[in-house]
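Trainee: I am new to this structure. Please show me how to read its features.

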Amino acid sequence: AGPWLFGAQVSPAAAVIAHSGGVAALAAARPGLVVVWCHSLLGLVWLLNWSTLGASLRARKVVDDDGYRSLFILRPSAAWMLLFALDVAAFHPFASVWEYFVTLGGSKLVV
């Protein structure tokens, strides 16, 4: 599920950023969505760095496999998904879950 969730966050943002004036247009159309994307992408970068640190510690036998999965993969991923859900609840960038999918995570609002 991780790669799908990663792609669901990065692909729409990349499409809007690649479009000239895309971020400004999106901010005008859905101000909350830009904030949600920023928080989500920063969370993903943190999550990738944290799991890389965990992999390094696992390779050095500092953390066992169960500890790696629990401390560096499952719990941080669950926290990231919870924070995304809280952001969506706070900023209401979409009218429904269906709109999220129809607009490809908001990228079709601009591109």
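Mentor: Start with a helix pair: α2 and α3 are oblique to each other, a word for angles that are not under 35 degrees (roughly parallel), over 145 (roughly antiparallel) or 65 to 115 (roughly perpendicular). This is a predicted model, where local features need pLDDT of at least 70, side-chain atom pairs count only at pLDDT 80 or more, and totals for chains, interfaces and linings use all residues. Residues are numbered from 1 along each chain as its sequence is written, and side-chain values use heavy atoms, without hydrogens and water.

Trainee: At what angle do the axes of α2 and α3 cross?

Mentor: Axes are lines fitted to C-alpha atoms, for helices over the stretch in contact, and angles run from 0 to 180 degrees between N-to-C directions. Here the axes of α2 (residues 22-29) and α3 (residues 31-59) cross at roughly 125° and come within 4 Å. Helices are DSSP runs (H or I, at least four residues), numbered from the N terminus.

Trainee: Which residues make the contact?

Mentor: Contact means heavy atoms within 4.5 Å. From α2 come Val-23, Leu-26, Ala-27, Ala-28 and Ala-29; α3 supplies Pro-31, Leu-33, Val-34 and Trp-37.

Trainee: Is Gly-67 buried or exposed?

Mentor: Buried means under 20% relative accessible area, exposed over 50%, partly exposed in between (1.4 Å probe, protein chains only). Gly-67 has 13%, so it is buried. Gly-67 sits in helix α4 (residues 65-91). Gly-54 is 13 residues from Gly-67 in sequence, and 9.0 Å away, C-alpha to C-alpha.

Trainee: What is Glu-99 in contact with, beyond its neighbours within four places in sequence?

Mentor: Arg-30 and Phe-94 are the contacts of Glu-99 there. Glu-99 belongs to helix α5 (residues 97-102). Glu-99 is buried too, at 17% relative accessible area.

Key:
Helices (H or I, at least four residues) and strands (E, at least two) are DSSP runs, numbered from the N terminus.
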